[in-house]
Amino acid sequence: MTSETQMAADQALPVDAAPTSGAVPFVATTWQIRLGSGMIPLAHAAGQNLVTVLGLRFMTDSLAISAGTAGLIFALMKIYDGITDPAVGAWSDRAQTRWGRRLPFLFAGGLAMPLGVAMLFGTPDFGSVLLAQAFVTLALVIHATGYTLLTIPGFAMLVESSSDPKERTRLMAWRTYGNAVGTLLGSTLPAWILGMTGPSREGHLLIALITGAIVFGATLVAVRLLRDAPRTQPDPAALARRAHPLRELGRQVRLAWGNVPFRILAIAHVFLLFGTAIGSAALAYFTRVFLELPDSAIGTYFMMATVTMVLAMVPWVWLSNRFGKKASYIAALAMFALVQLSWLLAGPGESMVLVSIRGLVSGAAGGGMILSAYSLLSDAVRYDYVQSGERREGAFAGFTTLFDKLSSAAALAAMGGFLGAMGYVSSSGGGAVAQGDSARLAILLCESAIPALAMLCAIVAMLFYRLDPDTLEALEAKRSAGSRS
């Protein structure tokens, strides 16, 4: 982007240059913004991965909740989530505080998410499965609320912070770094701890407290680093409009559907999230029941995946700039599908070398998928501003988080229902229970063929995506020129 075009684009992005009444001056450096942008996904990825990887198995193998019921609880909790996500997005667009529109939401999320994690994995022994079900449902609602409060303003702040698509790609890389570290802290560390303590209730509570402290600490760092980051002013029309959750949901669905690039990316993203969520949740069952490996194997797998995800960011950014974000996205999706299919060749006592290799390749693919998906989404949200002239980052962030959660919930609900239908046996002891051939087959398919099929569907959707950075830059320049004339 030329300096003239960059200046025009910056004029089209109204950022406060001086402090307004009760506000702080915007003096954050580029590196503060990048590091702060990385701390947000570190926080929510740590809390989310712990629940995604071990939550369902904890409910079935430690609380004696049936697989079908556990999956249903996740689905019902996401209905609540689907109602609140759009409202939070719109609320953050209209909020006016001395810390700007987004930071108060981040801080609240950093409090709620650890509370929900501690409640879930610290569920008391009520002596009643029904009471346990009610308690974990409440815990998951609190956890999901915290996730919403962290992710929606975090993504909106990224879009606000720069009008340069290449800088937004760099910020996405930093988010991917943070997501990778959060994945490590929310999956590898807890699995290794459980490998040492055993899958007892005390062991699960310990990992919940450790992960909760990480989430809260990372959130505090992010709030401190981003408090002086560039912000846009709320739309006066948005300030005058009261947000009813259901009306906001309908408005955001119409808004997203009318943005064709965003619509296509949303469809692809739903398949991506469905496949990755079901693969991650199934791994805890797969290593225990099918491969007959200790929980530490899960930790090793995710450690390898995380290391590769971080190391792969530089080549993925280069590939994205060289061949385009769309091509990089499709390549990453195909790579992930192949590594999931390779689990069909695994069996009891699988070598940890082969498990680690799969983790390495999966991490490389995951880094490319995260970077490309959210970088493309940021372009689509920017495209909305160029076309409409309205600042609606929070609305799009709310909708993005909505289908993030609904896709993951659908995956966990489908997996729970599938395992239940195939005869999976629940228990309260926390350890492995002998499973029949049909249940073992279901676990194998959830770890291999089903995630691979989801990635194939995402690839097909991406074949219809047309927006490219050059087109977006030209539209921005045209709009800026029109606003000056």
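Visitor: How many residues does helix α17 have, and how far does α17 reach?
Guide: Helix α17 covers residues 449-462, which makes 14 residues. From first C-alpha to last, α17 spans 20 Å, close to the 20 Å expected at 1.5 Å a residue (that is, 1.5 Å times one less than the number of residues). Helices here are DSSP runs of H or I, at least four residues, numbered from the N terminus.

Visitor: What sort of model is this?
Guide: This is a predicted model, in which local features need pLDDT of at least 70 and side-chain atom pairs count only at pLDDT 80 or more, while totals for chains, interfaces and linings use all residues. Residues are numbered from 1 along each chain as its sequence is written, and side-chain values use heavy atoms, with hydrogens and water left out.

Visitor: Which residues of α17 are buried?
Guide: Pro451, Ala452, Ala454, Met455, Ala458, Ile459, Ala461 and Met462. Buried means under 20% relative accessible area with a 1.4 Å probe, protein chains only.

Visitor: Switching to the largest nonpolar core, which residues have the most contacts inside it?
Guide: Phe121 and Met415, in a core of 59 residues. Helix α10 (residues 260-290) gives the most to this core, with 10 residues. A core is a set of buried Ala, Val, Leu, Ile, Met, Phe, Trp, Tyr and Cys residues joined through side-chain atoms within 4.5 Å.

Visitor: And what does Met415 touch?
Guide: Leaving out residues up to four places away in sequence, Met415 touches Leu56, Ile278, Ala281, Ala282, Tyr285 and Cys446; contact means heavy atoms within 4.5 Å. There is also a second, separate core of 42 residues, including Phe262 and Phe403.

Visitor: Cavities next. How many of 30 Å³ or more turn up?
Guide: Five, from a search of the whole structure. A cavity is a set of points on a 1 Å grid over the protein atoms alone where a 1.4 Å probe fits but cannot get out, and its lining residues have an atom within 4 Å of a point.

Visitor: What is the volume of the largest, and which residues are closest to its centre?
Guide: The largest cavity has about 900 Å³, where volume is the space filled by probe spheres set on the points, joined across faces, edges and corners. Of its 43 lining residues, Asn49, Asn179, Leu273, Thr276 and Ile370 are the closest to the centre.

Visitor: Which helix gives the most to that lining?
Guide: α10, with eight residues.

Visitor: And the second largest cavity, what is its volume?
Guide: About 100 Å³. Its lining includes Gln48, Phe74, Lys78, His143 and Leu412, and α2, α3 (67-94), α5 and α15 each give two or more residues.

Definitions and conventions
Buried < 20%, exposed > 50% of the residue type's maximum accessible area, 1.4 Å probe, protein only. 1 Å grid on protein atoms, 1.4 Å probe; cavity = no way out; pocket = protein on both sides within 12 Å on 5 of 7 lines; lining within 4 Å.
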